[in-house]
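Please look through the structure below with its charged side chains in mind.

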Amino acid sequence: MDSASAPDANALVIVAQDVGIFSWDVISDRLRGDSEIAGFFGLPSEDVARGLGISQYLNRVFYEDRERVAAAIHGAIVAGGPYQEEYRITRPNGETVTVTAIGRCFFDEQGDPVQYCGVMFKSVEEKAEVGHDIVRSFVTAAQKHAAELANPKIAALLEPVLEELDSSAL
């Protein structure tokens, strides 16, 4: 793959940094996660790494979404199928983040649920907002670079693009 068609490493880092991994020991009721999971829920990373009861996470799920999320998790455990749910989390500072969680429950030889693993990431709407900000910062940098190179024509051509980015609602 040549450099012109290679994926932008910065874009991959931005995507990867918004994906969290979790594992819930169903028997001991300890859900462990990485720093992204901690960030989504507004919980201390050390506590999340050691594991917390699932109720401590569910208590952060937006009130109107909580019953649906709990029922979907229960359904995935009972049916043994995959789980995918989009919901809102309210952090302690009052900020709300919309996430998508994908997981699956694993069972022991007797068919009892033992481990529930999955990933969580910001939902598309949240990523679109981040993407919009990234595009705006690139266009601003390009405009500044053009002005520094004494190329006012290119700098002027980028002005309507910035205006459109500023006025567009996502």
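What follows begins with confidence and then turns to salt bridges.

This is a predicted model, and its protein chain has an average pLDDT of 79, with 63% of the residues scoring at least 70. Over residues 1–16 the pLDDT stays under 50, and for this stretch the model has 7 contacts beyond four places in sequence. Where pLDDT is low, the predicted coordinates should not be read in detail.

Side chains of opposite charge can pair when their charged atoms come close. The structure holds 6 salt bridges, and one of them joins the side chains of Asp65 and Arg68, with 3.4 Å from N to O. Both residues belong to helix H5, which covers residues 63–79, and because they are 3 residues apart there, about one helical turn separates them. Asp65 has a relative accessible area of 6%, which is under 20%, so this residue counts as buried, whereas Arg68, at 35%, is partly exposed.

Asp65 also forms a salt bridge with Arg88, in which the closest N and O atoms are 2.8 Å apart. This pair links distant parts of the chain, since Asp65 lies in helix H5 and Arg88 in strand E3 (residues 82–90), 23 residues apart. Arg88 is partly exposed, with a relative accessibility of 26%.

Arg68, in turn, forms a salt bridge with Glu85, the closest N and O atoms being 2.4 Å apart. Here too helix H5 and strand E3 are linked, for Arg68 lies in the helix and Glu85 in the strand, 17 residues apart. Glu85 is buried, at a relative accessible area of 16%. Through shared partners, salt bridges join Glu64, Asp65, Arg68, Glu85 and Arg88 into one network.

Methods
Residues numbered from 1 in each chain as written. Predicted model: local features only at pLDDT ≥ 70, side-chain atom pairs only at ≥ 80, totals over all residues. Heavy atoms only, no water. pLDDT = per-residue confidence, 0-100. Contact = heavy atoms within 4.5 Å. Salt bridge = Lys/Arg side-chain N within 4 Å of Asp/Glu carboxyl O. Helix = DSSP H or I, 4+ residues; strand = E, 2+ residues; numbered from the N terminus. Buried < 20%, exposed > 50% of the residue type's maximum accessible area, 1.4 Å probe, protein only.
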